[in-house]
Structures are given as C-alpha cells and as structure tokens.
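Subject: Structure handover and notes

Hello,

Please find the structure below. My notes on its side-chain contacts and helix packing follow it.

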Amino acid sequence: MSAQLTEKIRKLKAERNAVILAHNYQTGDIQDLADFTGDSLELSRKASQTDADVIVFCGVRFMAETAAILAPEKIVLLPDKHAGCPLADMITAEQLRDLKRKHPAALVVCYVNSSAEVKAQSDYCCTSANAAEIVEGLPEDKEIIFVPDQHLGRFVGEKTGRNLILWPGYCVTHAAITQDDIKKAKTAFPDAVVMAHPECTEPVKEICDQILSTGQMLKFARQSEARRFIVATETGIIHSLKKQNPGKEFFAASERAVCPNMKRITMEKVLWSLEDMQYQIKVPEPVRTRAKTALDRMVAILPAK
Ligand code: SF4
C-alpha cells in the first residue's frame, strides 16, 4: 500500500512539475518521500531557488507562507490546512505594532516561526540557525525587539551580549522537554552528547553539551567522533539522524516532544494535495512585499560554521 501510494505521488508530482519539501520534524515516510528535507532556513532557500511550478510543503502554515512570500510565481500547497504553529500564533501583528509604539527606535527581529503579517511588521527575519548572526550584524546603539520565542531570544541575547526586548512566546513541544528528562537520559547514557534546540527552556540548555538548530544537529552528528547522542528537540529528526549515521545511536530526550501540527501531514494528504491542488497558501501582495524584505535578509545570511 505504502509503495503504491509513493508511486502515485511520484507520478503526479512529475505531471504537475512539483517539488516536495519536508521539515526535519515530519514523519519518516514523508522525509523519505521528499525531494529535500531540512530546517526552516534550508527549506526557505530551496523554495526561493526551485524551478518547479508547484511546491508541496510538508510542514506547518508559516513555512508554506514563507515559500509563498519568497516564490510568488509558484503554487504553494500545504497538505493539511489546519497544520499551524502555536508559537507563531502567540503574537499578532497588532500586538507587535503595540510593542513597536513603546519602543519607536527599536529594530524588530522576528523568528521565522511567525505569521506573514508579523514578518511584514519586522525589519529582519531569522531562523534558529542564523539568529545570532542576524542580531550581531545590527548597530550596537540600537534597541532590538525579538519576537515571538523567548527561549531562542534569551539564547541569542547571551550569545551576542545584546540586551533584547523579548516577547513571552514559546514552543509547547519543546517546553515539554524538562531538565529532569535530560538528567535521566544522561544517567542512562553517560557517554552520550546532549544536543538541544534553542527553543528548549533555559534549565534544559544549561545542562546540554550543544545548542543547535535541526540542520546544525544533523551536521554536528555527522562530523562528531561521539557514538551516542541525546536529542532534545522534536522527535521527527531522529529519523534523519539515524539514516545519515548508521553506526551511531540517537535517543530522544523525551518521547513527549512530538509536534501534533507537524504530524498532521500524512502520505495520503500529500497525494490528495497534488490531486486537488489544495490547500493553496497565498499572501496578500502588500503584506508579501513587506515580509519579503525581512525574509530576504534571513535567506542571505549564513550561520557561523
Ligand atoms: S515544534 Fe513548536 S515551533 Fe515547531 S511547528 Fe511545532 S509548535 Fe511550532
């Protein structure tokens, strides 16, 4: 059944001249099906560079919106229209406008996990892979508002020495990973390297060995001499980690770290999406052009090696 489904999707994908992009948090079958799997920064670059006519985005709404902003001439499909991101929903454009009124001289950096309207109100966009580089590049005499993820913001503030004005947003999936989970995993696997995503809470990051975006985790695991890794992020990434490193072992810091929105995308929905050309994600032109300025800066800046 699964092989038949894959075959049908591949056939239709060729007919539509479509490309399938999948985030590292997707299920293993979707990651295997995709033409490209990566983190938000890598997927944004792919979306802006592809010559396909259709982009099927296996991820959540803000990612498909990002693709639609960067590649307005393409048809961008999100296979489940309800795949949202609770973190992105924690700030509205109106709330950001209020914050800007309180700090009229501040520059605004928004995490890519935000709506198109919030991006349109921002000067710079960033991902967890290049947030520190973006902030470091800003004039030292400027106040900086960082939205919506407080944990990523605090990490960037510490890394760059900048005093950021933070918004109290957070990812519910990463917040489910506790310091106790890390301590238990370290007791079970004392030789393992602990990799944590910057969206994790501060007590988790305090006792981990590496703080990395998902793309950086994949690179680190490939290059590291270590044989065992404890992974503190959404569990979907373990599929790619294992696939790329057959001789190494990877353990989820918490089995609770599963994003229900990411997991809304299934093989069947990808097929239906291509059959019916749904759900098309469009961003109104005035919002798109303003948001694109912030996104272009994000896509241009590479994270430090
Ligand atoms: S893992 Fe967190 S930040 Fe990522 S899509 Fe899910 S809720 Fe949003």
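D80 has a relative accessible area of 7%, so this residue is buried. Please keep in mind throughout that this is a predicted model.

Salt bridges

D80 pairs with K269 in a salt bridge, with the closest N and O atoms 2.7 Å apart.

The model has 18 salt bridges in total. Another of them joins K11 and E15, where the closest N and O atoms are 3.8 Å apart. K11 and E15 are both exposed. They are 4 residues apart in helix α1 (residues 2-16), which means that about one helical turn separates them.

R101 and E94 also form a salt bridge, at 3.3 Å from N to O. R101 is exposed, with a relative accessible area of 55%, whereas E94 is partly exposed at 39% relative accessibility. This pair belongs to a network of salt bridges that links E94, R97, D98 and R101.

Aromatic pairs

There are 3 aromatic pairs. One of them is F220 with F229, an edge-to-face pair with 6.4 Å centre to centre and 85° between the planes. F220 is partly exposed, at 23% relative accessibility. F229 has 0% relative accessibility and so counts as buried.

F229 also pairs with F250: the ring centres are 5.0 Å apart and the planes are at 15°, so this pair is stacked. Here too distant parts of the chain are linked, with F229 in strand β11 (residues 228-232) and F250 in strand β12 (residues 249-252), 21 residues apart. Why is F250 classed as buried? Its relative accessible area is 4%, and the class takes values under 20%. Through these ring pairs, F220, F229 and F250 are joined in a cluster.

Charges over rings

K46 lies over the face of F36, at 4.5 Å from the ring centre. R297 has its charged end over the ring of Y124, 4.5 Å from the centre of that ring.

Helix packing

In general, two packed helices are described by the angle between their axes and the distance between the axes. For helix α12 (residues 214-223) and helix α13 (residues 237-244), the axes come within 10 Å and cross at roughly 25°. Angles under 35 degrees count as roughly parallel, so α12 is roughly parallel to α13. The crossing of α12 past α13 is right-handed.

Regards

How values were computed: Residues are numbered from 1 along each chain as its sequence is written. This is a predicted model: local features need pLDDT of at least 70, side-chain atom pairs count only at pLDDT 80 or more; totals for chains, interfaces and linings use all residues. Side-chain values use heavy atoms; hydrogens and water are left out. Rings of Phe, Tyr and Trp (its six-membered ring) pair if their centres lie within 6.5 Å; planes under 30 degrees apart count as stacked, over 60 as edge-to-face and the rest as tilted. Buried means under 20% relative accessible area, exposed over 50%, partly exposed in between (1.4 Å probe, protein chains only). Helices (H or I, at least four residues) and strands (E, at least two) are DSSP runs, numbered from the N terminus. A charge sits over a ring if NZ of Lys or CZ of Arg is within 6 Å of the ring centre and within 35 degrees of the ring normal. A salt bridge is a side-chain nitrogen of Lys or Arg within 4 Å of a carboxyl oxygen of Asp or Glu. Axes are lines fitted to C-alpha atoms, for helices over the stretch in contact, and angles run from 0 to 180 degrees between N-to-C directions. Angles under 35 degrees count as roughly parallel, over 145 as roughly antiparallel, 65 to 115 as roughly perpendicular and the rest as oblique. A crossing is left-handed if the near helix is turned anticlockwise from the far one by less than a right angle, and right-handed if clockwise.
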